[in-house]
Every structure is written in structure tokens, then in C-alpha cells.
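Biologist: I am new to this structure and would like to learn how to read its charged pairs. Could you walk me through them?

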Amino acid sequence: MQRPISIPNGTARLVSRSELAGYAAWEQAFQDRCKDHRYYEIIDETLADGFEHHYLILEDESGNVRAIQPLFFLQQNLVEGIPGGARSIVDSIRKKFPRFLTMRTLMVGCAAGEGHLDASSAQDKTWIARALHAALQKIACEKKASLVVLKDFPSIYREALGNFSANGYARVPSMPLTRLELNHANFEEFLGTLGKATRKGLRRKFRKAERAPKIDMEVVTDIAPYLDEIYPLYLAVHERSALKFETLTRDYFLRLSREMPERVRYFLWRQNGRIIAFSLAFVHDGTIYDECLGMDYGVALDLSLYFYTLRDVISWALAQRLKFYCSTPLNYDPKLHLGCHLVPLDLYVRHTAPILNPIFRRAVRFLEPTRHDPVLRQFPNANDL
């Protein structure tokens, strides 16, 4: 355990995962969120190399634990969101200088998901935000990090985190989630609400898939018997992604099914007895979170598996009377035509060197990823970003 850090009306302590076991408050952390404390433990212990996880214990003047805030360090690629020629130039330079345009970064939040404050009330949010603002710069300097980032915090925190953007941090948009309201009896009724071109295109895709050998879907919570089949499918999709932050491991999928079975659902699609696609989803508080998709690209494009699996997941959610379908960032064009709305996520960023931070705050607006995706501007609530 490191020495305590003085914060307004309290103390902050940076601890490791093993030291966290001594704090009873951790068992209640993020209990109202889809990804509660168990998820952070799984992420800490299963992510691939490159992530250095810690936990910030925030205590008030009486010694009561007000919050436990996960954070981590990594070597951040500053041009992750930049496509095209500029990215190619950087990649070529990195062949000789691997750390070109990368910086050791302190990130607050979740390494595999959106960030949240460990707060149960608006008053708690404000107190935690002030405590974090006071502690993070000191921790970053002590750990030799050049950047401090609050990663992917939903826009509901903008008021509480206003002290960051008003005091040294730049708030810039991250790639948003999307959300679809599930207020239809079934998928066919939902399909009828879409535009003519979208409706016609989807029905054509589904008819083509139905002419192929039959595809069966199964929903399971225990992924262990199927792990050897689904993990290569995950990697196939992951490697094609334009933006990569973390690589999930086999143990990640296995532990989710064992430690969060009441929330985790694995959708499996088989053709001729072989799994050709899978989707990992979380179900919590009336919402299904479609978290991760894996496909066999030997058949995926011909069968339009992305749309086929999406139809089945939404159909299942409607049958369960869930209220919302929420999906992860990227691949925005089909989500736009399906009537999804954006769920804005924010990054709060600063450089730890006071002399460089004013320059960095301006430069980071040109590095943020949303400016390079033209589809985002077409969503009805794009201005919320």
C-alpha cells in the first residue's frame, strides 16, 4: 500500500487487487451497474499484458470509505482513432521507434467497458469527482505517467465531472454506444417501422441465409464446453476492427460465465453442427447489452451473419420483455438505419506537465476518434456528443 494522499475532506489510498480484499465496501461497489465489482476483478486478472491495475480508496475525514475507484496504467497509442494516411506514416515510423506517439497513461474507469463513478447519489458523485481531481495528478506524477484520462464516462456524469473540464482537463467525445428502444411485440413488427430500403435489404439478406443449410441458435450461460470453438471467432472479428484497445482472453469469457451467470448470456449459432457465430451479452435492469460478436468469416459475409445474429438477439430480448438493446461502439451505419440513438461517452484528458498541458488540451481535439467517422453526424442526437 502506498502512502496516503491528502484530498479535500478526506484521504486517498492506492491499493493493489490483493490489498483490496481487506475493504468490505468493495463488495457493494458498482452494485447498481450492469458491470459490478466482479467484472472489474475479472478484467484485472484476465486481460492480456500491458495493463497495470490499481484501486483508489477514497475515505472521508471520519475514515469511512466513500468510494473505491478502479484505475489502470498503460502505454497509450495517441493516434488510435486516426485512420488513413497519417496513421500509415506513424505505423511505418514505429517499425524503428516502437513507442513513437505513445505515452504512459493513468486511466480511470474500466479497461473493457465504459467508466462509472462508484456513487449511489448525486452528492456522492460530486464528492468523488472532487476527490479524484485532487488525487489523480499526484498519483500520475508519482507513477511517472504523462497523461491522465477519465475513460469513456457516460454524459450523465458531465455535471459531476464539470470540475475536471473547468480545471485543466479537456473533455472530448469518445466513440459512443448505441441504444434501441424495444417497444414492439416481435421483430417483424419492429421491421415494419424501418425505412423501405432498410426493410427490403434486411428481408433479402434473411431469405438468402434461409436458403442455406439451417442455422440453429442456442442461449447458454456456461461457455466452458464451447470455448475452443468461440474464441477463434472472437479473434477473427477483433483483428478486423479499426480500433483496438484491449484483447479479451479465453479466461475472460470463462470467468464471466462462472462468476456472473445471472447476468451473462452467450448466444451460439450453429450450421451443420458447427458454431459459426456467437455473441456475448449482459442482461441487467431491463436492458440487454450486446457486448461482443465472433463470426466465421468463411461464411459470415455470404450469410450476412452480422444482421442474422442481430435479428435473433433483438427477437430474444423482445420475447423476454426487455426495454432496451444497447450495443458497443463502431459499425454505426447499420445501427443508424435500425433507428438506434447514440449514447455519448466522454474522455477527460490532461497532460501532467503544467507547461505542456495548455498545448495538449488543444491538440487532443484533433486526435479524438469521433471526428473521423462521418456516419456519427447523421444520428438524430449527434449534437449530444
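Biologist: Which side chains meet Glu210 in a salt bridge?

Modeller: Side chains of opposite charge can pair when their charged atoms come close. A salt bridge here is a side-chain nitrogen of Lys or Arg within 4 Å of a carboxyl oxygen of Asp or Glu. In this predicted model, Glu210 meets Arg311 in such a bridge, at 3.6 Å from N to O. The pair links distant parts of the chain, with Arg311 in helix α11 (residues 305–319) and Glu210 in helix α7, 101 residues apart. Helices (H or I, at least four residues) and strands (E, at least two) are DSSP runs, numbered from the N terminus.

Biologist: Before we go on, what should I keep in mind about the model?

Modeller: The model is predicted, so local features need pLDDT of at least 70 and side-chain atom pairs count only at pLDDT 80 or more, while totals for chains, interfaces and linings use all residues. Residues are numbered from 1 along each chain as its sequence is written, and side-chain values use heavy atoms, leaving out hydrogens and water.

Biologist: Is Arg311 buried or exposed?

Modeller: Buried means under 20% relative accessible area, exposed over 50%, and partly exposed in between (1.4 Å probe, protein chains only). Arg311 counts as buried because its relative accessibility is 16%.

Biologist: Which residue forms a salt bridge with Asp302?

Modeller: That is Lys208, with the closest N and O atoms 3.2 Å apart. Asp302 lies in helix α10 (residues 300–303) and Lys208 in helix α7, so this pair ties together parts that are 94 residues apart in sequence. Both ends are partly exposed: Asp302 has 47% relative accessibility, and Lys208 has 40%.

Biologist: And what does Arg274 pair with?

Modeller: Arg274 forms a salt bridge with Asp296, the closest N and O atoms being 2.5 Å apart. Arg274 sits in strand β10 (residues 274–284) and Asp296 in the loop between β11 (287–295) and α10, so parts 22 residues apart in sequence are tied together. Arg274 is partly exposed at 37%, whereas Asp296 is buried at 18%.

Biologist: How many salt bridges does a search of the whole structure find?

Modeller: The search finds 23 of them.
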